[in-house]
Amino acid sequence: MNIDHRLNELRTFMNEQGLAACVISNPDHQYYLSSFKAILYSRPILFVLDEKSTSLIVPALEEVHAKEEAKIDRILTYYEHPEKAKEGIHPYQHLEKLLVPYSTGSKIGIDMSATSAGLAEWIRKLGFTLVDVGQKIVEMRYIKDEEELKLIEEAGRLANLAVDQSLKACREGITEIEMDAAGNEALFKETAKKHPNSTLDLFAMSPSGIERTIMPHVFSNTRKLRKGDVIIHSRQVALNGYRAELERTVVLGELTKEQRRGFEAAKLAQQASIDFIKPGVTAAEVDEVSRNVLREAGFGQYAIHRAGHGIGISAHEEPSLRFDNDLMLKKGMVFTIEPGIFIPGIGGFRHSDTLILTENGHRLITEYPRELEDLTYR
C-alpha cells in the first residue's frame, strides 16, 4: 500500500484548511493511513498526523502488534497495570502532549462521524477549533490502487468458492448456520493453503423462509430449511483487510407464481444496473436503472434500499448507489450491485455481485449463476 502517497494527499488538504494536526478515530481510516488494524473492544486507539510525523496511541496489549505491523513514525502506549502507570494510563495523556505545542485556537482535524463527543469536547477544552477531515479521507478511499484491487479480486475469488460450497450444502433439514459453515470451512482451507500469514475476515448470513427473507440484514440462526423455502445467502470475504461480496437467492423446492415473479424482477433489476454502470455515469443513474425495472414489474414499493454501495476496507463504503447521489463514477471505484425487493407474505429476493470500474466499463470479480433453474435445489 502506498501509505506515503496517502499521507501526502491528506497533508496537502491540511495545509489548504490551515490545520495543525489531525486526530483520526475511525479504525478503517487508521488502517488506510498506517496499515494497522486491531481487534477493538473498549480500549481506544488514536492516529495522529501533523506536517512532519505520524503517531499511533495504543493500549499496552496492542503495543507489540503495532510495532510489528504499523507503518508509523512513533508509537505511544498507555497502560492498565501499576508497574507502568507513571508512563500513562489513558490515551488522552499522550494526545495532550502531542497537541499542546500548537497555539490556542489552532485548527485540529478530526473524523467527526467516528470521533466520540467526549473526545471532541476534550480537544475543544484544550483551546482548539475542530474541522472535519473524515469526508476527505472517505473521498480518498473512493478509488482503489492496484494493490488494493488485487486483494479485492482475490477476496472475490474466495467469496465465489465459499458461496458455492454453502449452496451445495442446501437441503431440507440443515440449519441456516450449518449452511454458512459449509462455505466457511472451504474458505478457511483455501485461504490457509494459498495465503500463508494472511488475515481473513468474513461474514455470512442465510435468512430463510417468507418471514426471515424480508429482513435484509439478519443473523443466520438455527432455523431448519424446509421444502418451499426461499433463502438469501449473502457472504463477504476480506483478505488482508480488503473485501468482496457475493449473494444469491436460492430456492428449496418450487416457487409460487408470485415468488417467481419477484425472483425474476430482482434478477433483471440487478442485471440492468450491471449492464449500465461505467465511468461517467452517476450513482443515482445506476440506482434509477434497476429501480425502473422493479417499478415496471409492480414491485417498486418493495425496493427499500439502494442499488449498491462501495466496498473495500469497510463492509459498506461510500459512494452509495442511491437515488439522491449525483456523484459521477470513476475508474478504480469498486461497488456491489444488489437491488432487492422484500415483499411481506411472499419473501425477499436479492442477488449481489462485486465489480471494479475500468476505463470504459467494469470487470465483475464475483461470478456465480443467477438463473432460477441454477439456483433451485430439490
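This is a predicted model: local features need pLDDT of at least 70, side-chain atom pairs count only at pLDDT 80 or more; totals for chains, interfaces and linings use all residues.
Visitor: What makes β5 and β6 paired strands?

Guide: Two strands pair if there are at least two bridges between them. Four bridges join β5, residues 107-110, to β6, so the pair meets that definition. The two strands run parallel, and Ile 108 stands opposite Leu 130 in β6.

Visitor: Why are β4 and β6 said to stand at the edges of the sheet?

Guide: The open sheet has six strands in the order β4-β3-β2-β1-β5-β6, with mixed pairing. β4 (74-78) and β6 (129-132) each have a single partner strand, so one side of each is left without a neighbour in the sheet. From one strand to the next, the twist averages 25°.

Visitor: How do you know that helix α1 lies across the sheet strands, and which ones?

Guide: Contact here means heavy atoms within 4.5 Å. Helix α1, residues 3-17, lies across β1 (19-24), β2 (46-50), β3 (54-59), β5 and β6. Its direction is at about 65° to β2.

Visitor: Why is the space beside Asp 287 and Pro 339 called a cavity?

Guide: A cavity is a set of points where a 1.4 Å probe fits but cannot get out, so that is the test this space has passed. The structure holds one cavity of 30 Å³ or more, and about 30 Å³ of space lies in the largest cavity.

Visitor: What makes up its lining?

Guide: Asp 287, Ser 290, Arg 291, Leu 294, Ala 303, His 305, Arg 306, Ala 307 and Pro 339 line the largest cavity. They divide into four nonpolar, two polar and three charged residues. Asp and Arg count as charged, so Asp 287, Arg 291 and Arg 306 belong to the charged group.

Note on methods: Residues are numbered from 1 along each chain as its sequence is written. Side-chain values use heavy atoms; hydrogens and water are left out. Axes are lines fitted to C-alpha atoms, for helices over the stretch in contact, and angles run from 0 to 180 degrees between N-to-C directions. On a 1 Å grid over the protein atoms alone, a cavity is a set of points where a 1.4 Å probe fits but cannot get out, and a pocket is an open set with protein on both sides within 12 Å along at least five of seven lines; lining residues have an atom within 4 Å of a point. Grid points are joined across faces, edges and corners, and a volume is the space filled by probe spheres set on the points.
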